[in-house]
Amino acid sequence: MKINKQILLFLFPLLMLLTSFKNSNSITGKWVFNDSPREIEIYMDNNKYYGKITKVSGTEKIERVGHILLLDFVYNPAEKEYNGNINSPGGMTASGVLSVVNEQKLKFSIKKLFISKSFTLTRIQ
């Protein structure tokens, strides 16, 4: 019985650690904006998240595939969201927040001074 208790005491923290890694990487992958056919791929590099445009909407002439839209996003466990910067194709920068709604949806909010706008992203891969 002691061995089972020791195994359980070892496995429980390990399981908690593994599930925390899964949750912190849950935003990586390909996403589509719900209001347009624009797609981005979110990936991790040096413990920060970035998002690059992989498909443009066709309505905006300044959009281009390969442009890094999301910069330096990091997970804030206290707020359960990712904070970073937005680098628009037109050159404007703003602060941004990514919140996981569920495994298939993200809420993407942009804030610049007193103006804010939110989008919903749906996972495609």
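Which residue in the turn of the E7 and E8 hairpin has a positive phi? Leu-113 does, with a phi of about 55°, and two residues lie between the strands of that hairpin. The strand names used here follow DSSP runs, numbered from the N terminus (helices are H or I of at least four residues, strands are E of at least two).

The structure is a predicted model, in which local features need pLDDT of at least 70 and side-chain atom pairs count only at pLDDT 80 or more, while totals for chains, interfaces and linings use all residues. Residues are numbered from 1 along each chain as its sequence is written, and side-chain values use heavy atoms, with hydrogens and water left out.

## Overall fold

The chain holds one helix and eight strands, and along the sequence the pattern reads α-β-β-β-β-β-β-β-β. The eight strands close into a barrel in the order E1-E2-E3-E4-E5-E6-E7-E8, with antiparallel pairing. Neighbouring strands of this sheet are turned by 30° against each other on average, direction ignored; for such angles, axes are lines fitted to C-alpha atoms, for helices over the stretch in contact, and values run from 0 to 180 degrees between N-to-C directions.

Of the 125 residues in the chain, 31% are buried, where buried means under 20% relative accessible area, exposed over 50%, and partly exposed in between (1.4 Å probe, protein chains only). Among contacts (heavy atoms within 4.5 Å) with a separation of 6 or more, 30% come from residues 24 or more positions apart.

Two strands count as paired if DSSP finds at least two bridges between them.

| Strand pair | Sense | Bridges |
|---|---|---|
| E5 and E6 | antiparallel | six bridges |
| E6 and E7 | antiparallel | seven bridges |
| E7 and E8 | antiparallel | eight bridges |

The hairpin of E5 and E6 has five residues between the strands, and Gly-91 there takes a positive phi near 105°. Asn-87 has Thr-93 in E6 as its bridge partner. E6 and E7 also form a hairpin, with two residues between them. Across that pair, Asn-102 stands opposite Lys-105 in E7, and Ser-99 stands opposite Lys-107 in E7. Both lysines also face residues of the following strand: Lys-105 stands opposite Thr-122 in E8, and Lys-107 stands opposite Thr-120 in E8.

## Nonpolar core

A nonpolar core is a set of buried Ala, Val, Leu, Ile, Met, Phe, Trp, Tyr and Cys residues joined through side-chain atoms within 4.5 Å. The largest one has 19 residues, of which Ile-40, Ile-42, Leu-70, Leu-98, Phe-108 and Leu-121 touch the most other members. The elements giving two or more residues to this core are strands E1 (29-33), E2, E3 (48-55), E4 (68-76), E5 (81-87), E6, E7 (105-112) and E8 (115-123).

Leu-98 lies in strand E6 (residues 93-102) and is buried, with a relative accessible area of 0%. Leaving aside neighbours within four places in sequence, Leu-98 has contacts that include Ile-27, Ile-42, Leu-70, Phe-73, Tyr-82, Phe-108 and Leu-121. Between Leu-98 and Ile-27 there are 71 residues of sequence separation and a C-alpha to C-alpha distance of 8.6 Å.

## Charged residues

Side chains of opposite charge can pair when their charged atoms come close. A salt bridge is a side-chain nitrogen of Lys or Arg within 4 Å of a carboxyl oxygen of Asp or Glu. A search of the whole structure finds one, and this salt bridge links the side chains of Glu-63 and Arg-38 at 3.3 Å, N to O. Glu-63 lies in the loop between E3 and E4 and Arg-38 in the loop between E1 and E2, so the pair ties together parts that are 25 residues apart in sequence. Both residues, Glu-63 and Arg-38, are buried.

Two other glutamates are buried without a salt bridge. For charge, Lys and Arg count as positive and Asp and Glu as negative, with His and the chain ends not counted. Glu-39, in strand E2 (residues 39-45), has Lys-55 as its nearest side chain of opposite charge, 4.1 Å away, and is buried with no salt bridge. Outside four places in sequence, the contacts of Glu-39 include Trp-31, Val-32, Lys-52, Lys-55 and Ile-124.

Glu-81, found in strand E5, is likewise buried with no salt bridge, and the nearest side chain of opposite charge, Lys-111, is 6.4 Å away. Not counting residues up to four places away in sequence, Glu-81 touches Val-74, Tyr-75, Asn-76, Val-97, Leu-98 and Ser-99.
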